[in-house]
Amino acid sequence: MNKLLLSGNEALAYGAYEAGLQVACAYPGTPSTEILESLAKFKDLDVQWSVNEKVAFEVALGAAVGGVRSLFACKHVGLNVAMDPLMTSSYTGIQAGFVVIVCDDPGMHSSQNEQDTRWVSIYAKLPLLEPSSPREAKEYVKEAFKISERYDTPVLLRMTTRISHTKEDVTCGERKVPEQPAFEKRISKYVMVPGNAYARHILIEKRLKKLKSLSERTRLNRIEKGDKKVGFITSSITYQYLKENYPDASYLKLGMTYPFCDDKIREFAKGIKKLYVVEELDPFLEEHVKTLGIKFSAKDPSFRIGELTPESMPAIVAGKVKREKKSAKRKPRMCPGCPHLHTFSILKKLDFFVAGDIGCYTLACLPPIAALHSCICMGAGVTFNEGWRKAVPKAKIVGVVGDSTFIHSGITGLINAVYNKAKGIIFILDNSTTAMTGGQQHPATGLTIRNEPTKKLILEDLCRACGADNVDVVDPKNHAEFEKLARNRIKEDALSVIISRHPCQLLKR
């Protein structure tokens with residue numbers, strides 16, 4: 001036993017390792033990235049950066065069905081990409097423990113929306129755990145593996161940015177790997193044709209009843225008796241904020257948020273004079289407690305936007321409206337010497353309408369460059385180019401996408417453009433890394449998560465195989481060559497790919 005100062009993400013990795021994890025898959029995404037990076041330090045684990053979250057989920061689920069404890073990690077919008085296998089995995093269940101870690105980003109520190117993943121637990125009929133600290137994160141992931149195997153289900157474990165990146169002293173123990181069950185052919189369980197799926201749905205509803213019973217008795221949902229004049233039903237980081245402001249109050253601290261523990265909620269509410277339900281983002285708990293006929297107060301709807309803080313708790317309890325403050329922080333910008341600066345200086349000079357994508361280069365939307373005009377999701381730089389051109393065929397429209405993002409979700413968009421006879425230019429901004437999340441490897445770098453050599457994906461060969469009419473490679477720092485090529489290609493009745501290739505400046509470190 002030894003104590004380490006760990007972030008929430010690092011604590012998850014240590015907890016999963018101690019629990020006997022054997023396979024872990026993810027695609028980098030803030031605030032979840034460090035989970036896989038931390039797991040990769042354990043040399044006896046099979047850890048991979050996958051090409052996207054759907055692939056990562058399926059590989060990890062396959063390992064769990066095969067009989068070894070497995071883990072999938074992503075940020076909240078990454079789970080959107082994995083929703084197809086997630087929904088059906090609820091039906092199939094597992095063979096060995098399978099934990100789905102999703103890190104929400106209240107306040108959108110590095111995201112395009114601040115969706116609340118808790119709703120997915122209801123939609124997918126899966127149990128949901130919510131730690132409120134790094135120490136709890138380590139313990140909860142171990143508990144999640146037990147629940148997964150006991151109830152034959154994937155388990156959602158939801159983090160938020162503050163818990164992922166806060167640090168705390170955490171006690172670490174020994175690793176225990178469970179015995180691997182026999183690998184068997186079970187067609188009725190794992191082949192989800194309609195007849196089999198119908199039978200599995202019946203089992204899901206029975207499983208939910210058992211999980212609800214667990215929610216009522218688990219130590220993860222605990223009543224903390226204090227001053228009965230004021231009581232809080234809460235979960236996640238909000239619990240810590242409330243305890244800081246109201247240390248003497250009574251609490252129903254929910255660690256297993258779904259299925260809801262209705263009996264425990266009613267028991268707690270009975271003895272409280274003034275009851276509050278306080279949570280970050282959506283009224284997930286609030287809407288359910290209403291159905292129980294319990295009277296309580298909750299935050300003003302204005303507080304559903306953005307991240308909560310310890311300082312916001314008194315205003316919430318007082319029923320006040322949130323006061324929006326102008327941020328005094330320096331706006332983000334590209335690094336000095338970033339190759340994307342050179343790319344977008346040319347695109348701005350040529351006055352192109354630029355369909356953008358997710359990556360460092362998204363910052364090109366900000367002054368003084370202001371040369372990126374859309375950003376929706378991974379891969380949309382390719383497909384928005386096609387859509388815009390259908391609406392405004394005579395406009396000078398191009399699409400941009402990063403190298404890692406192209407591999408994640410841009411390839412299918414390029415094939416679609418070729419198949420449907422789209423024209424124009426797709427710029428692949430190849431800086432030889434997944435830079436926005438800290439410089440992770442991907443298939444076109446030729447290195448694995450542990451920097452081990454592997455087969456390197458050649459992007460220009462791939463684009464030619466997809467059917468692009470022209471594929472060019474140019475260094476964006478060669479302004480004259482880049483500008484001449486872009487001017488010529490935009491005039492042609494063709495679908496062209498221009499790979500703007502120059503390594504990220506931070507790689508030199």
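Author: Helices and strands are DSSP runs, numbered from the N terminus; a helix needs at least four residues and a strand at least two. Please keep in mind that the model before you is predicted. With this naming, Ser-132 is placed in the loop between β6 (128-129) and α7 (134-151).

Reader: Is Ser-132 buried or exposed?

Author: A residue is called buried when its relative accessible area is under 20%. Ser-132 has a relative accessible area of 2%, so it is buried.

Reader: Which residues does Ser-132 touch, leaving aside those up to four places away in sequence?

Author: They are Ile-163, Ser-236, Ile-237, Tyr-239, Gln-240 and Lys-253. With Gln-240 there is also a polar contact, made between the two side chains at 3.1 Å.

Reader: How is the chain divided into domains?

Author: There are domain 1 (2-217), domain 2 (221-317) and domain 3 (339-508). For domain 1 and domain 3, the C-alpha centres are 33 Å apart. Contact between these two domains involves 20 residues of domain 1 and 15 residues of domain 3.

Reader: How does one look for empty space inside a model?

Author: Rolling a probe the size of a water molecule over the atoms shows where empty space is left. In this model, one cavity of 30 Å³ or more is counted. The largest cavity holds about 40 Å³ of space.

Reader: Which residues line the largest cavity, and where does this cavity lie?

Author: Its lining consists of Arg-118, Glu-130, Arg-158, Ser-235, Ser-236, Thr-238, Glu-279 and Glu-280. By class, five of the lining residues are charged and three are polar, with no nonpolar residue. Because domain 1 (2-217) and domain 2 (221-317) both contribute to the lining, the largest cavity lies between them. Ser-236, one of the lining residues, is also among the residues that Ser-132 touches.

Reader: What is the separation of the C-alpha atoms of Gly-410 and Gly-379?

Author: The two C-alpha atoms are separated by 4.3 Å, while the residues are 31 residues apart along the chain. Not counting residues up to four places away in sequence, Gly-410 touches Gly-379, Val-382 and Thr-405.

Conventions
Residues numbered from 1 in each chain as written. Predicted model: local features only at pLDDT ≥ 70, side-chain atom pairs only at ≥ 80, totals over all residues. Heavy atoms only, no water. 1 Å grid on protein atoms, 1.4 Å probe; cavity = no way out; pocket = protein on both sides within 12 Å on 5 of 7 lines; lining within 4 Å. Points joined across faces, edges and corners; volume = space filled by probe spheres on them. Nonpolar A, V, L, I, M, F, W, Y, C, P; charged D, E, K, R; others polar. Domains from an automatic or database assignment. Buried < 20%, exposed > 50% of the residue type's maximum accessible area, 1.4 Å probe, protein only. Polar contact = N/O pair within 3.5 Å; in protein donor to acceptor, adjacent residues only side chain to side chain. Contact = heavy atoms within 4.5 Å.
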